[in-house]
There are 2 protein chains.
Amino acid sequence: MVESRLTGPVRVVGVGLLGTSIALGLRARGVDVILSDASPTNVSIAIDYGAGRSATDGDDPQLVVVCVPPDVTASVIVRELSAYPRSVVTDVASVKKPILDAVIAAGGDITRYVGSHPLAGREKGGPMAGRADLFLGRPWVVAGHEAISYQTASAVDDLILDLGATLVEMTADEHDSSVALVSHAPQVISTLMARRLVSAPEAAVALAGGGLRDVTRIAASDPALWVQILGANATPTAEVLRGVRDDLDDVIAALEAAAAPAAATAAATDAAGPSTAPATSWRLTLAHTLDGGNAGVARIPGKHGQDKRYAQLVVMVDDAPGELARLLTEMGEEGVNLEDLRLEHSPGAQIGLAEIAVLPEAVEKLTVALAARGWRIAG
Amino acid sequence: MVESRLTGPVRVVGVGLLGTSIALGLRARGVDVILSDASPTNVSIAIDYGAGRSATDGDDPQLVVVCVPPDVTASVIVRELSAYPRSVVTDVASVKKPILDAVIAAGGDITRYVGSHPLAGREKGGPMAGRADLFLGRPWVVAGHEAISYQTASAVDDLILDLGATLVEMTADEHDSSVALVSHAPQVISTLMARRLVSAPEAAVALAGGGLRDVTRIAASDPALWVQILGANATPTAEVLRGVRDDLDDVIAALEAAAAPAAATAAATDAAGPSTAPATSWRLTLAHTLDGGNAGVARIPGKHGQDKRYAQLVVMVDDAPGELARLLTEMGEEGVNLEDLRLEHSPGAQIGLAEIAVLPEAVEKLTVALAARGWRIAG
C-alpha cells in the first residue's frame, strides 16, 4: 500500500460520485474514512463498496470534505466547522467565492476552512459511479484566502496529492472566472445550440453529423444541477456570455450584409467568372471571427487531434468483431503505444475510421508497418 | 466487381477530398472516370491514386460532378453545361439555393442541372485524403427543382446509390435551412466559444476538460472555406443564430437577476439552512433553457452515449501498450461486437476509460464476463 500524506481520519460528507471517489482513493492508501450523507441508503452502499465506515460519537477528523450539491454546500460547511471544532474543512463545489462569502456571512470559522474544486467527474452520479482514480492527473484548485494559515491549509494540499491530482492555487475569484470560461459558459452555449433542434423538421435533424454531435454533447447534462451551478456563478458566467453575444451580434450583422441585394448581385456575377470585387466588410468580419476560433481552440491542452505532443494517423477498420482489437494488437507488436483513440463510425456503414494518436517519432514507422500488414491508412 | 447503375463516363471537376473520393468509389465499380482540376498537379496525383484518367477531346460524359469550392461552383456548372451539351451536371457544394439561382441568372440550362450535397467529409482536404467509401451510409441530398425531368435527374440518384450513400430528397430551400441548423450555425457557435479563449489567462485554459474540447472541436475548421459557406448560406444561418441570440439574451438576463442583491441575500440565507424561498423567475428561465437543451440533443441520431440503440459500458484500462487491444480481443472472444468506442484519457494519468457501446441485449452478459476476466467496470 502506498503511504498517505494525510494521517486521518477524513470525514466525507455526501457520498455521490465525488465523495465516494475521494473516499475510495483515500481507503486505497489506508486512511481511516468516515462517511456521512443525508441518505442512510447511500452511506450503506458506499460502505459496502469499501469506501469507509459510518460515523461514531467521538470522531475527531483531521479533515472534513464536503461533497454535497452547491446550493447546500455553504450551510453544510458551517455545520461541520461547528460540529468538529478541531477539524480543517474543505468542499469540492464548482464555485468558490459565493460559498466563501456565505460561510463568512453565517459566522463560520474560516481560519479552518479553505474551498477546493477538482476538475474531474463524469455525467453519471451516485456512489456506484465512484472510482478511486477519478482524480489522477486532473487539476484540483485550492481557493486560498488570507484568514487561513499555510500550515492549516496544507491538509487540503495533502488530500489532493494523496489522490494523485495536480494542485492548482488560485483565489476564489480567479477560480470562478476560470470555470465560467472553461465550463459554465460552454454548458450554456451547447444548450442553446441543442435547443434550436427542438422544433426542427425531422429531415433536418437526420442530416446531423459529428460536428453537431460534439457541440451539443454536454447539452444532455442535468438541468437541476446546472441551474444551481449557473446561479451560483452568475456574474462571471454572464461576463463571458456577454462577450459571446457581442461577437454573435457581429456575425449576424455580417450574415445579413452578405444576404443583402448588393451581395446577391456579386454572387450572380461570380457565375459568369471569378469575382474581381474586393473583400467586403462582412467577409472580413467572418474571417476575423473564424480566425479567432482557430486561435482559441489551439490554446486548449490535450485537445483531440490538436494536441501538439502527438501525431495523428487515420486507419480504416472493417465493422467486424475483433478488427479494431487486431489493429491495436498489431500496433503493440510494432512496439508503438497508443496515446489516444477516437472511432468515427457512421450508422449503417460497414467501415469505421480509427483516429490514432501516437508520439510524433513513431508515426512514420507505424504508417509503413501498418500498410505492410494490409491496413488502409486514410490520412 | 459490383455492377454500377451509372454507365459512364463520369467527369469529375475538382479533385479535392470529395471529388477524389467520388472518383475512387466509381472506379471501384468499373465506371470510366474523367478527372479535371484547375491544378494539373492535383490531377496527376489523383490519376496515380487510381481515381481515373485525364480528359480528352471528344469526351461525352453521361454525368459531370462539380466538386470545386463554393464561391466558384456556379460558374463552373455553367461552363460545364455549355461544354458538354448532352451531359447531366450536378455539384456537391454545401449550399444549394444560391447556386441554383446563380446558374439560372447566368443562363445555364437547368433542364440538365440538379444540385446535390453529400453530408460527408473530413477536416482534411486534397486528393490524398480521398477514400472510395467516404459516402457509405451517409445522407446525400438531391435538391430537385421543377425544370429538370425525373428521368434526367435519375443519373444523380444513380451516382448516390453507386457510392453507397443514402438518397435524401429536399428542395434547395429546405436543404439550406437544414444545413444552417445542423452544420453552419453549430460552426459559428463553436467558433464564438473558442474565441473567448484567445485572451484568457493560461491558468484558466489549463482547467479545460472534455466538455470544452467537444464544444470547440470544429472551431479548428478552415476559416477561408467557412467564410464562403457562411456567406453563401447567410439568410438561413442568420435565422438560426437570431434564435440563439434571443435565448442567450434570456440567459444573460437570468444570470444578471441571479447576481442581483436580492439573490445574494437568498444565498446568504441558504448558509443558515435550506432556503424556503420559492423558485424565482431566473431559476425558471435557466431550467426551461437547460430542459430545452436536453430535449434538443435527444433528437440527434447516433449521438455518442445517447444513441438509444446501444447500451454504454465504461471500462478502466491501464495506460500500457496492448491493454486496450486485450480488452477488445476479449470482447470478441465473448462474441460481443463493438458498436462504438470513445477513449477518455487524462494527460499524464496512468489509466484511461474506454466507453464502449454495445447492443443492449449484450451489456449484462459482457459486464459479468469482463468483470470475471478482471476488468474494472466504472459505470
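In chain B, strand β7 (residues 139-143) pairs with β8(B) in the parallel sense, and the pairing runs over five bridges. One of the residue pairs you can look up is B:V142, whose bridge partner in β8(B) is B:E169. Keep in mind as you click around that this is a predicted model.

Those two strands belong to an open sheet of three, in the order β6-β7-β8 (chain B), with mixed pairing. β6 (115-118) and β8 (166-170) of chain B each have a single partner strand and stand at the edges, so one side of each has no neighbour in the sheet. Going from one strand to the next, the twist averages 25 degrees. As background, strands of a sheet pair through backbone hydrogen bonds, and they can do this either parallel or antiparallel.

## Helices across the sheet

Helix α5 (residues 150-162) of chain B lies across β6, β7 and β8 of chain B, and runs at about 175 degrees to β7(B). Helix α6 (residues 172-195) of chain B also lies across β6, β7 and β8 of chain B, but here the angle is about 110 degrees, taken to β8(B).

## Where the two chains meet

Now for the contact between the chains: chain B puts in 139 residues, and chain A puts in 139 residues. Together, chain B and chain A bury about 12100 Å², with 66% of that on carbon and sulfur atoms. On the chain B side, the residues losing the most area to chain A are B:L207, B:L290 and B:R299, which together make up 7% of what that side buries.

The rule finds 12 salt bridges across the interface of chain B and chain A. A:D249 and B:R245 have side chains that meet in a salt bridge, at 2.7 Å from N to O. Counting polar contacts between chain B and chain A gives 24 residue pairs, both residues at pLDDT 80 or more. Helix α10 (residues 234-259) of chain B gives the most to the side that touches chain A, namely 19 residues. Sorted by class, that side of chain B has 79 nonpolar, 31 polar and 29 charged residues.

## Salt bridges overall

Over all chains, the count comes to 42 salt bridges. Within chain A, the side chains of A:R11 and A:E80 meet in a salt bridge, 2.7 Å from N to O. A:R11 sits in strand β1 (residues 10-13) of chain A and A:E80 in helix α3 (residues 70-83) of chain A, so this pair ties together parts that are 69 residues apart in sequence.

Definitions and conventions. Residues are numbered from 1 along each chain as its sequence is written. Chains are lettered from A and ligands numbered from 1 in the order in which they are written. This is a predicted model: local features need pLDDT of at least 70, side-chain atom pairs count only at pLDDT 80 or more; totals for chains, interfaces and linings use all residues. Side-chain values use heavy atoms; hydrogens and water are left out. Two strands pair if DSSP finds at least two bridges between them. Helices (H or I, at least four residues) and strands (E, at least two) are DSSP runs, numbered from the N terminus. Axes are lines fitted to C-alpha atoms, for helices over the stretch in contact, and angles run from 0 to 180 degrees between N-to-C directions. Contact means heavy atoms within 4.5 Å. Buried area is the accessible area (1.4 Å probe) that two parts lose on being put together, summed over both. A salt bridge is a side-chain nitrogen of Lys or Arg within 4 Å of a carboxyl oxygen of Asp or Glu. A polar contact is a pair of N or O atoms within 3.5 Å; within protein, one must be able to donate a hydrogen and the other to accept it, and residues adjacent in sequence count only if both atoms are side-chain atoms. Ala, Val, Leu, Ile, Met, Phe, Trp, Tyr, Cys and Pro count as nonpolar, Asp, Glu, Lys and Arg as charged, and the others, Gly among them, as polar.
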